[in-house]
Amino acid sequence: MRKDRPKNLDLATVKFPVTATASILHRVSGIIVFIALAIFLTLLNCSLASEQDFQRVLGYFDNFLFEFVMWGALTGLAYHAVFGVRHMIQDLGFWEELDSASVSAKIGFIVTAVLSVLAGILVW
């Protein structure tokens with residue numbers, strides 16, 4: 001007689017290891033960076049068209065929602081860069097054990113938090 005494995009579909013009760021959370025967030029930040037790239041290039045194109053368009057783009061930064069989106073995009077870019085470097089170091093054979101991978105993920109979160117605060121200072 002075959003026993004069915006228990007199924008836990010409530011993701012709120014699942015405890016992911018820090019390395020899994022870092023990996024999932026790295027994928028999410030990649031999507032954020034992809035979308036942000038379109039925003040950044042559009043703003044760059046508009047700002048280079050004429051002096052009036054540059055002033056118009058500069059005026060966007062008076063809007064809190066726009067500044068928040070810029071901060072989020074810069075934070076996503078920082079996260080993706082920090083954890084991209086972490087993944088490249090792992091590709092070289094370092095930080096592959098569970099303990100060292102967990103420590104490097106936690107350090108990556110701290111570095112990203114610092115960069116996020118610096119991005120906030122830059123935007124606001």
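Author: T112 touches T75, A78, Y79, V82 and F83, leaving aside residues up to four places away in sequence; contact means heavy atoms within 4.5 Å. Keep in mind that this is a predicted model, where local features need pLDDT of at least 70 and side-chain atom pairs count only at pLDDT 80 or more, while totals for chains, interfaces and linings use all residues. Residues are numbered from 1 along each chain as its sequence is written, and side-chain values use heavy atoms, with hydrogens and water left out.

Reader: Where does T112 lie, and is T112 buried or exposed?

Author: T112 lies in helix α4. Helices are DSSP runs (H or I, at least four residues), numbered from the N terminus. T112 is buried, with a relative accessible area of 7%; buried means under 20%, exposed over 50% and partly exposed in between, using a 1.4 Å probe and protein chains only.

Reader: Which backbone oxygen lies 2.8 Å from a polar atom of the T112 side chain?

Author: That's the backbone oxygen of G108.

Reader: Okay, now helices. How do I describe two packed ones?

Author: You use the angle between their axes and the distance between the axes. Axes are lines fitted to C-alpha atoms, for helices over the stretch in contact, and angles run from 0 to 180 degrees between N-to-C directions. Here, α1 (residues 18-49) and α3 (residues 64-91) have axes that come within 7 Å and cross at roughly 130 degrees. The two are therefore oblique to each other: under 35 degrees is roughly parallel, over 145 roughly antiparallel, 65 to 115 roughly perpendicular, and the rest oblique.

Reader: Which residues make the contact of α1 with α4?

Author: First the geometry: the axes of α1 and α4 (residues 98-123) come within 8 Å and cross at roughly 50 degrees, which makes α1 oblique to α4. V18, T19, T21, A22 and L25 of α1 meet A101, S102, A105, K106 and F109 of α4. These divide into six nonpolar, three polar and one charged. Ala, Val, Leu, Ile, Met, Phe, Trp, Tyr, Cys and Pro count as nonpolar, Asp, Glu, Lys and Arg as charged, and the others, Gly among them, as polar.

Reader: What about the loop between α3 and α4?

Author: W95 lies there. Its phi is near 55 degrees, a positive value in a residue other than glycine. W95 is partly exposed, with a relative accessible area of 35%.

Conventions: A polar contact is a pair of N or O atoms within 3.5 Å; within protein, one must be able to donate a hydrogen and the other to accept it, and residues adjacent in sequence count only if both atoms are side-chain atoms.
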